[in-house]
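Thanks for coming, everyone. I'll keep this brief. Please have a look at the model before I start.

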Amino acid sequence: MLTKIKFAPGIDKQDTAVGAEGRWVDSDNVRFRYGLPEKVGGWQSLLTDTIVGVARKQHAFVDQDGNRYIAIGSDKFLLIYFEGQLFDITPIKTKITSVVMASTNESKEVTLTFSAAHNLESGDIVLIDNVTVPSGVGLTDAAFEDKLFQVTKVTSDLIAIVTGTQSATGTAGGGSCDITPYEPVGPAAQSYGYGYGVSPYGGTVQGAATGALNGALLADTAGTGGSGTAVTVVSTTGFPSSGTIAIANELITYTSKSATQFLGITRGAKGTATTGTSNGQAHSTAATVTNATDFSGWGDAVDAGTITLEPGLWSLSNFGDVLVATIANGKTFTWDSSIAARLLTRASTSTSGFETTNNPTATRVTLISPTTRHLIHLGTETTIGTPSTQDDMFIRFSADESINEYTVEATNTAGTQRIQDGTKIMGGLVAKENILIWTDNALYTMKFVGAPFTFGFEQVGTNCGLIGKNAAIEIDGVAYWMGNNGFFSFDGTVNTLPCSVEDYIYDDIDTTKGQQVSAGINNLFTEVTWWYPTSGSDFNNRYVVYNYGQNNAQLPMGNWYTGTNTNSIRTTWIDSLVYPKPYATAFNSSNVGTFPVIIGEDGLGQSVLFEHETGTDQVNPDGSVTALTSFIQSFSFSLQPDQAEVFLAMRRFLPNFKVLTGNNQITLSIKDFPADSDTQTTLSPFTITSSTTKVDTRARGRYANIKIENTSVGESWRFGTFQVDLQPDGRRG
């Protein structure tokens, strides 16, 4: 007889595949609409260029002339997307003149020697101009003039190295150039640190020497290749005669060195061994080696597990025509879209009429109050201009309509406030009636109350902290966010969101990389998505979706779905408002970005700007098409819920698709016991077309499930019902 199998919307991973009766249990690139599962919409690149580095924030706005812009902040740059093009508006530091250039025979490396401390770090971006290359070495001025370079090595406070495109034909000095450093933003990924005294916030040590492994290190207590007590590197130049080196998250002490080896090593120093062992961690050849001798806490090194170094992040908002951009734990810059030369002008602290020279110089988050137009600094300095006074729980706001006025006077509305619950402010949002401020433990509201206090603050929740700066969104007066141990909403009251995939997420998420979590709203389908990194992943590699508009009494745990498809992972997202479709960025750490052009680019990765909900597949920057695959899998059903001891036989099934473009595949899998692995039936998978009315099959087992998927370009589907011919087929012990 034909039996209709009904499935409620959403994914249930809290129960077992057998226990999740009437539910779907796994999915990828699938959403639920009106209770039915369907493949998500496709996306296409908006540019032929790709962005250098990992994008961490987008902000779309419209100027008074109706021009639309997107500001994109990455770990290296601040860019503007306008009319199908990218423009580099990254703020720069003061130019350093009369830098000496030197070359080495048969090497592309060029040594830059400064007359005073340069404060550059490995990975920094610099603009080189006014170039005179060393004579007689086969190099040309044009290969360096007005070009961006990545600093590949720093050997001292006076010497930095960049890599050019030409190999020198001789060793010589005597060249000269000017260097304009870009404002540094921070690391691409959040990582373990080694103490409060490491450096300015951002995760690196000023002037720390770096090198590269020459041979792999294994997860043991030995040296290179798993033997001895020496770590072999390309060169130990610039490192002290004894001290500590850092390779990824591991610290290694050494008692002496040769030209290419650190000798008398101790692996996994200061709590950085492989978890649960005394062994060091595994590192591949060519991995970066950093001088960590001066890494310190309060006078001493601390366990790596207690401190994390945050990635390069931005706060982006607009003050009318003016973009306000703050580097996390750094300065605030502005960019005026109303001037004629706007696309040739960089963000700056001295933008005419919108200076930020009186702003704090170390702030975790900034935002603009919507009606009073105060510039608000969250987690900022108690003494403006002194970064060492940064208090992660301190709030400072400008006078209204004046983003550079912070002196508190009786005649203005500037002010300060310190909140108490938590150790640091994690993020803030402008919501419908309040400004919402999250710490790592609590939620506060900030509301304009007028003179004499300007803003009133109220704690509205505890034990509901935010996991990362970009892990909260607000829609229609309701905020949704991801915490370190669950999901929450605020509609005037803080609510815990029941989650049918909670264990699946929190058993594997890397909470030490919470600042990389990115949340996005897709109001077209009433979805909130969080992209997050799992343990062992440097970058986001999974996502979870909460459908806030598709809940009903059948779903006490909410309507949630998940995915792991590499092509679907995002680092930023903006909803359709300024632009008609959502825009998002995808990051690939292995690819090389094309904008801006960086000479000597190494390991910066590539971000692609996509327009979503268009077509059925992924259209890449070069115009090629990547198939957008998707699947959904059901719970394991038996002939009757109370008769699992009876074997069932399946003779045929009737697929019913509401929408089917191209082909689809349905796989039937069976098993005899709940703990068994699924076994695909002999004739599976079955190819389904729009003309398929029934499928004959032959399968036998106590439990069965179905998997619906597409694998090729141009395919799209929306599933309706599933009817199957199930018959008893005897009993077995």
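**Sheets, core and rings**

Let me begin with an open sheet of 4 strands, ordered E31-E32-E33-E34 and paired antiparallel. Its edge strands are E31, residues 365–368, and E34, residues 415–418, and each of them pairs on one side only. On average, neighbouring strands of this sheet are turned by 15° against each other, ignoring direction. Inside the sheet, strand E32 (residues 375–378) and strand E33 (residues 394–397) pair in the antiparallel sense over 3 bridges. There, Ile376 stands opposite Phe397 in E33. Keep in mind that this is a predicted model.

Now to strand E44, residues 527–532. How many of its residues are buried? The count is 6 of the 6, so E44 is largely enclosed by the rest of the structure. Which way do they point? Glu527, Thr529 and Trp531 point one way from E44, and Val528, Trp530 and Tyr532 point the other way. In E44, the residues pointing either way are all buried.

Next, the partners of E44. Strand E43, residues 518–522, runs antiparallel to E44 and is joined to it by 5 bridges. Asn522 stands opposite Glu527 in E44. The hairpin of E43 and E44 has 4 residues between the strands, and Thr526 takes a positive phi near 50° in this hairpin. Then there is strand E45, residues 542–547. It is also antiparallel to E44, with 6 bridges joining the two. Here Trp530 stands opposite Val544 in E45.

Trp530 takes us to the core. The largest nonpolar core has 74 residues. Tyr480, Trp481, Met482, Phe487, Trp530 and Phe722 have the most contacts inside it. Take Met482. Leaving aside neighbours within four places in sequence, Met482 is in contact with Gly465, Leu466, Ile467, Ala471, Phe487, Ile505, Tyr506, Ile509, Val517 and Trp530. Apart from this core lies another, of 24 residues, and Val131, Val137, Ala143 and Val151 are among them. As a general point, nonpolar side chains tend to be buried together in soluble globular proteins.

On to the aromatics. Tyr480, Phe487, Tyr506, Trp530, Tyr546, Tyr548 and Trp560 form one aromatic cluster. How many aromatic pairs are found in the whole structure? The search gives 32. One of these is Phe7 with Phe635, edge-to-face, 6.1 Å centre to centre and with 70° between the planes. Phe7 lies in the loop between strands E1 and E2, and Phe635 in the loop between strands E53 and E54, so the pair ties together parts that are 628 residues apart in sequence. Buried or exposed? Phe7 is buried, with a relative accessible area of 17%. Phe635 counts as buried too, at 7% relative accessibility.

Phe653 and Phe722 also form an aromatic pair. This one is tilted, at 5.4 Å centre to centre and 35° between the planes. Phe653 is in strand E54 and Phe722 is in strand E60, residues 716–731, so to speak of distance: they are 69 residues apart, and the pair links distant parts of the chain. Phe653 and Phe722 are both buried.

Last, charges over rings. The charged end of Lys13 sits over the ring of Tyr504, 4.5 Å from its centre. Arg570 lies over the face of Trp43, at 4.7 Å from the ring centre. That's my tour.

Terms used. Residues numbered from 1 in each chain as written. Predicted model: local features only at pLDDT ≥ 70, side-chain atom pairs only at ≥ 80, totals over all residues. Heavy atoms only, no water. Core = buried A, V, L, I, M, F, W, Y, C linked by side-chain atoms within 4.5 Å. Buried < 20%, exposed > 50% of the residue type's maximum accessible area, 1.4 Å probe, protein only. Contact = heavy atoms within 4.5 Å. Pairing = 2+ DSSP bridges. Axes fitted to C-alpha atoms, helices over the stretch in contact; angles between N-to-C directions. Phe/Tyr/Trp six-rings, centres within 6.5 Å; stacked < 30°, edge-to-face > 60°. Lys NZ or Arg CZ within 6 Å of the ring centre and 35° of its normal.
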